[in-house]
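Okay, thanks for coming, everyone. Let me put the structure up and then we'll walk through it together.

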Amino acid sequence: MSIIHSQFITNELYAQNPWWTDASVFAENPARGKRDVYADLWQKVTENELITAITGLRRIGKTTILKQLINGILTTGIARESIVYFSFEEVSLAKSPNLLEEIIIYQVHKYPKGKLYFFFDEIQYVNFWNSMLKKYVDR
C-alpha cells in the first residue's frame, strides 16, 4: 500500500470517527429515541455475537441504529479508538478494491490487544465482504 493511499485511509477513518479525537462527540444525537430492536441488537453486539448484520429496506433507520449502538459503547468506558465506523457509501471504492481489509488491518495494528468494534455501513458495496469478515473472525 502506498503512503498516499495509507494516508487516504487514515484521513477517512478519522473523518468518519470524530469521537477518536474529541471525547465530547457522539456518533448520533443521544437524545434521539431508540427503536424496539435496539435492546436485542445491543445484547448481540456487546455480549453474544462476533458478527451481527442489520438488513432492511432503504431509509428505515439502519444507520441510525448503528450509530446509537456506537453511542452506547462510547458510554461504557471502552477506549473510544477501539470503535470503528465506516460507511462504504461515502468513499469511492475505485480507489481501493481492498479497502475493507485495509481498514481491518489498520485497526488491528493500531490496537493489537483488546476488543475492537467495527461498524460497517453499506457494506454490500464491497465485493466478498462476508468472506473477508469471516477470515478475520476465524483468526
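So, quick one to start: does R32 count as buried, exposed or partly exposed? At 43% relative accessibility, R32 is partly exposed. By that I mean between the two cut-offs, with buried being under 20% relative accessible area and exposed over 50%, using a 1.4 Å probe and protein chains only.

Before I go on, this is a predicted model, so local features need pLDDT of at least 70, side-chain atom pairs count only at pLDDT 80 or more, and totals for chains, interfaces and linings use all residues. Residues are numbered from 1 along each chain as its sequence is written, and side-chain values use heavy atoms, with hydrogens and water left out.

Back to R32, then. Its side chain meets that of E28 in a salt bridge, 2.6 Å from N to O; the term means a side-chain nitrogen of Lys or Arg within 4 Å of a carboxyl oxygen of Asp or Glu. E28 counts as buried, at 15%.

How many salt bridges does the structure hold? Three. Another one pairs K135 with E101, with the closest N and O atoms 2.7 Å apart. That pair links distant parts of the chain, since K135 sits in helix 5 and E101 in helix 4, 34 residues apart. Helices here are DSSP runs of H or I with at least four residues, and strands are runs of E with at least two, numbered from the N terminus. K135 is partly exposed at 34%, while E101 is buried at 18%.

Then there's K134 with D138, at 2.5 Å, N to O. These two are four residues apart in helix 5, so about one helical turn separates them. K134 is partly exposed at 48%, and D138 is exposed at 53%.

You'll see it in the loop between helix 2 (38-48) and helix 3 (62-74), and it is exposed, at 72%.

For contrast, look at I73 in helix 3: that one is buried, at 1%.
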